[in-house]
Amino acid sequence: MPRILLIDDDAQLGEPLAAYCARFGFVLEQALRPSEGLARLRGGGFDAAILDVMLPEQDGFALCRTIRQESDIPIVMLTARGEVMDRVVGLELGADDYLPKPFEPRELVARLQTVLRRRQPAPAPAPGGPLRFDGLSVDPLTREVLRHGEPVPLTSTEFELLLLLAREPGKVFGRDDILNRLRGHEADLYTRAVDIVVSRLRRKLAPLAAIKTSRHAGYALALRPLPDARRG
């Protein structure tokens, strides 16, 4: 059963939310303070984290930044009043998804199911193993990305975006198409999220000029496939 850590100082939220999540096979635990949440995450055993933006000690954005420096665990941000800027900042810091407060528990479960599904390894390796390009290797089975032979740590969302582009190099994927393929549900989508994840991915793959922007159209992988590269 996936184990989820909720970091939120609302002591009344955890128990009913845990009971609801249990109906869908999740074990949800709550930490009321960021320091407690960090300590528990560092202890291991959690499959995803839910962070409120408004927290004591430090806000959820600072907490997200700290977690992302140490781990690629999926993060869902609970943003204040659904403010677009809260969503943008959270995604820029490495969050995988967001949910405005107040929220329906069923929608939170859907978001958790989506971010956890992205982390699942491919059921079988693509023919020929990793997808290989000039300076880049993407392995769908192990989810390992190598840039000039060096590992590149990616979040689950960043990896899924790269894999999507790598399976059809040169093909331009529109923002709406990317959103629909990566998120798996239609609720509360907005195209700025794609631009943010692409920007994060570009920074991590630098100095490779891996992703090409087609103005008003979308994004494509710009690297040359090696002769033995296979597409899954």
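**Briefing: sheet, helices and rings**

The charged end of Arg 3 sits over the ring of Phe 46, 3.9 Å from its centre; that label needs NZ of Lys or CZ of Arg within 6 Å of the ring centre and within 35 degrees of the ring normal. Keep in mind that this is a predicted model: local features need pLDDT of at least 70, side-chain atom pairs count only at pLDDT 80 or more, and totals for chains, interfaces and linings use all residues. Residues are numbered from 1 along each chain as its sequence is written, and side-chain values use heavy atoms, with hydrogens and water left out.

**Sheet**
- Five strands make an open, parallel sheet ordered β2-β1-β3-β4-β5 (strands are DSSP runs of E, at least two residues, and helices are H or I, at least four, numbered from the N terminus; two strands pair if DSSP finds at least two bridges between them).
- At the edges are β2 (27-31) and β5 (97-100), each pairing on one side only.
- Strand β1 (residues 3-7) runs parallel to β2 and is joined to it by five bridges.
- In that pairing, Ile 7 stands opposite Ala 31 in β2.

**Helices on the sheet**
- Helix α3 (residues 60-70) lies across β1, β3 (48-52) and β4 (75-79), at about 175 degrees to β4 (contact means heavy atoms within 4.5 Å; axes are lines fitted to C-alpha atoms, for helices over the stretch in contact, and angles run from 0 to 180 degrees between N-to-C directions).
- Helix α5 (residues 105-119) touches β1, β3, β4 and β5, and its direction makes about 175 degrees with that of β5.

**Another ring**
- Arg 111 lies over the face of Tyr 98, 5.7 Å from the ring centre.
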